[in-house]
Amino acid sequence: MADPDIKDGRAAASDGCCYDQAKTGSAFEAASCNPSACDNHRQHSAEHGHHHSHNHSHDHGGHAHSHTPEVTDRNARAVGIACLLITGFMFAELIGGWLAGSLTLIADAMHMITDAGSLGLAWWAFQQSKKPADARLTYGRDRLPVLIAFANAIFLLAVTAWIAIEAVERFLNPQTVLAGPMFVIAVLGLFVNIAAFLVLSRGGDGSLNIRSAVLHVLGDLLGSVGAIVAAVTIYFTGWFPVDPILSVFVSLLIVRSAISVLRQSAHILLEGAPEEIDRSDMAEDLVQNIQGISYIHHVHLWSLAEGKVNATLHATIADGACPKMTVKLIRQRLADQYGVGHATIEVETLSPAQRPAG
């Protein structure tokens, strides 16, 4: 059922060239089109049979359906603190794992090394994304955090593959592991990872970049738990194969989440259409709720970053409809109903004989 404000908008699109739209509180309240401009438009349409008008929306204000993660000092601070915690402990765990002969500890330390670099890049990406657009990067740097999340997921999968290969070799040729030192280092690592996990969970916003960082730290946390279990098992039973087995188990726990982050970030980088928006339904919605639009075609949707949706489309309008007002109503509808923050709309006016069938 159409919104009452939208009905007012329908009237404005078709007749607004000749009078002011002045409904107080309407979602489509706006100045009317310039009558002389619309007269010129009608004359041009009569002579040439069509009209092309390029209108670009650069309004990135708040939208009812916008879920854009905000890049804030809180986010950057959370990532920075987690990076310092991870970096401060990773060298101790790597050396301790090598001295104790524990693959589980070494695997956890390798995760920490990649995590320290990933968190550092994540922090840098947050700082860069705050910078305004310029002549070279006209959309700004909003996509940089998505690129970092994509790289983080690849690094994590690569480390997991290395651990699996090393674990197979150690399982076939078990090595002595010092359970005592392994246990102490694993417990210390658990506390560090819990602290980093809590900092990111409470200071994050659910964005791909934060989720990727949390995923890395969660892998480290599970690695510490696995190392503790392996150390206790070895101490009481002397069964050394438990170390490589648990190292593989811990790595596989986070593979599914890493693939999820990889797929989502790749979809944005490939400028895929947002999954929550159906292009056909959106086009039909515009035709039904804005009078004067004959049909919508050449619709393209993509995400510049998480929650920042862009769109381009062609709108064919009926003879006598005001292009300027129609574009304004389309922009408003896209923003309110679909969270589209940047729309490029081309308006075409065709005579009935020239309109494509269907």
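## Helix packing and backbone details in a predicted model

Helix α10 (residues 279–289) packs with helix α11 (residues 323–338) at an angle of about 125°, and their axes lie 11 Å apart. That angle makes α10 oblique to α11. This is a predicted model, so please read the values here as computed from it. The crossing of α10 and α11 is right-handed. On the α10 side, the contact is made by D281, M282, D285, L286 and N289; α11 brings I330, R333, L334 and Y338. Sorted by class, this contact of α10 with α11 has five nonpolar, one polar and three charged residues.

Let's step back to the whole chain. The secondary structure of the protein chain comes to 11 helices and four strands. Of its 358 residues, 49% are buried. The protein chain exposes about 17400 Å², and carbon and sulfur atoms supply 61% of that area. Among contacts between residues at least 6 apart in sequence, 76% join residues at least 24 apart.

Now for two backbone details. Most residues other than glycine have a negative phi.

| Residue | Phi | Place |

Terms used:
Residues numbered from 1 in each chain as written. Predicted model: local features only at pLDDT ≥ 70, side-chain atom pairs only at ≥ 80, totals over all residues. Heavy atoms only, no water. Axes fitted to C-alpha atoms, helices over the stretch in contact; angles between N-to-C directions. Helix = DSSP H or I, 4+ residues; strand = E, 2+ residues; numbered from the N terminus. Parallel < 35°, antiparallel > 145°, perpendicular 65-115°, else oblique. Left-handed = near helix turned anticlockwise from the far one by under 90°. Contact = heavy atoms within 4.5 Å. Nonpolar A, V, L, I, M, F, W, Y, C, P; charged D, E, K, R; others polar. Buried < 20%, exposed > 50% of the residue type's maximum accessible area, 1.4 Å probe, protein only. Areas by Shrake-Rupley, 256 points an atom, 1.4 Å probe, with all protein chains shown as cover.
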